[in-house]
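Please keep the view open as you read.

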Amino acid sequence: MKQLYALLLCGSLSLCVFDLHAQTIAVKAGHVIKPATGEVLDQQILLIKDGLIAGIQEASEPFTADTLIDLSDSWLSPGLMDCHVHLTSNMSYRHFDYLQRYAQESNAFRALRGVQNAKLLLHGGFTAVKEIGNDGDYATADLIKAIRMGWVEGPHIQYAGKIIAPFGGQTSNVAPLSGAHWQREYLDADTQDEIRKAIRKNIYYGANTIKLVTGDQRYFYSEEDIAAAVQEAQMAGIKVAVHAGGGAPAKNAILGGAASIEHGFFLDKDLLQLMKEKGTVLVGTDFYTTNLHAYGADSLQMNTLYNSIRDRLKMAYELGVEMAFGTDVIIDIEGKNRLESNLEILKTWKEAGIPPMHILKCMTTNAAALLGVTEQYGAIKENLMADLVAYKDSPLEDIENIKSVHFVMKGGTIVRND
Ligand SMILES: [Zn+2]
């Protein structure tokens with residue numbers, strides 16, 4: 001029956017990669033972290049069957065299993081989630097230039113970069129990500145298929161397709177003779193009909209979430225435009241994320257019913273309060289100084305922007321705004337890979353004074369709620385997918401200890417155990 005349930009569950013999830021085990025795996029965990037409640041349970045046994053968590057019990061109680069994985073010295077958490085990634089994107093170090101990738105990178109090359117980054121993130125403990133656009137001509141749709149076929153390793157991927165924005169996407173000052181090259185990654189949509197059409201196009205090509213950008217041009221979306229997008233997406237059962245810095249574009253997005261504000265570096269107290277009232281999630285993509293430096297910021301720009309990001313993060317936390325972890329890195333730090341560059345962002349969370357348990361909650365519980373997957377994964381709970389990560393050192397002592405990951409399981413399949 002459980003196997004049938006697993007098959008049915010898998011059939012309902014277009015992105016799920018499922019490895020059906022006939023056998024029972026017992027995972028013996030020294031400390032099980034439950035970010036949803038803030039609890040830590042010591043010496044537990046998790047029984048994994050058919051890719052799901054079939055049971056949780058005290059290690060002292062009897063159990064039967066075909067295989068035992070001994071993590072009795074480790075800290076176990078639900079699989080981590082990153083709600084804002086660009087797996088197929090990278091630009092040259094300290095050279096932020098959209099045109100470079102359009103001129104020099106094929107769609108196949110973009111997908112291959114995605115293969116590399118998907119594996120890095122999964123092995124780093126991120127069992128689910130939200131891929132939020134800038135992926136060429138739907139390169140991630142192919143990456144998702146390859147992961148599903150078992151050709152390559154990667155996390156569960158929720159996928160936005162092309163970014164929907166007013167004319168010009170996020171570019172500026174492109175000479176007319178150069179053509180509208182941004183359309184390789186953006187759908188120009190200036191009216192509500194165009195927004196609705198763009199959403200349908202994305203869904204057709206594989207999207208199961210939607211991303212709008214507003215505020216990067218002098219013309220930006222009205223509250224009614226956002227509401228039209230939210231309504232159109234809702235008809236397909238999916239959510240709308242809106243990239244906005246702050247001010248009127250962000251206010252329109254919040255009032256229009258966006259599920260999340262991405263970045264929001266310049267959100268003030270009133271807008272954060274409004275987000276709290278409306279239940280809008282902040283995916284703050286809180287760049288650390290090293291990330292900003294990699295993007296080409298000089299030291300004055302870097303410090304000014306960093307202070308603003310950190311202070312906004314602190315204020316959002318203190319006001320009780322719902323937050324989900326997101327990174328947004330599209331330029332790796334010199335000498336660091338994508339995972340390492342992403343994890344620099346934890347330093348911002350630390351410097352904003354946010355407790356490690358709350359950061360883990362933003363990386364699991366809150367992220368799962370935003371992704372709308374709480375019935376499938378995101379917690380260590382019976383009948384959810386066995387997406388598990390174990391660390392040698394306690395992430396509750398220092399959140400950067402998630403870098404001590406040595407065991408990852410996704411959907412009951414062991415990704416690494418070292
Ligand atoms: Zn982004």
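Which residues are exposed on the other side of helix 8?

1. They are Lys269, Asp270 and Glu277, where exposed means over 50% relative accessible area, buried under 20% and partly exposed in between (1.4 Å probe, protein chains only). This is a predicted model, in which local features need pLDDT of at least 70, side-chain atom pairs count only at pLDDT 80 or more, and totals for chains, interfaces and linings use all residues. Residues are numbered from 1 along each chain as its sequence is written, and side-chain values use heavy atoms, with hydrogens and water left out.

2. Helix 8 spans residues 269-278, and its buried residues are Leu271, Leu272, Leu274 and Met275. Seen down the helix axis, these fall within an arc of 155° (taken from the directions from the axis to the C-beta atoms), so they line one face of helix 8. Helices (H or I, at least four residues) and strands (E, at least two) are DSSP runs, numbered from the N terminus.

3. The buried residues of helix 8 pack against helix 7 (247-256), strand 12 (260-263), strand 13 (281-283) and helix 10 (299-319); contact means heavy atoms within 4.5 Å. Just after helix 8, glycine 279 has a positive phi of about 75°.

4. Three strands form an open sheet in the order 5-6-7, with parallel pairing, and two strands pair if DSSP finds at least two bridges between them. Strand 5 (80-85) and strand 7 (156-159) stand at the edges, each with a single partner strand, so one side of each has no neighbour in the sheet.

5. Strand 5 is joined to strand 6 (residues 126-131) by four bridges. Valine 85 stands opposite glutamate 131 in strand 6.
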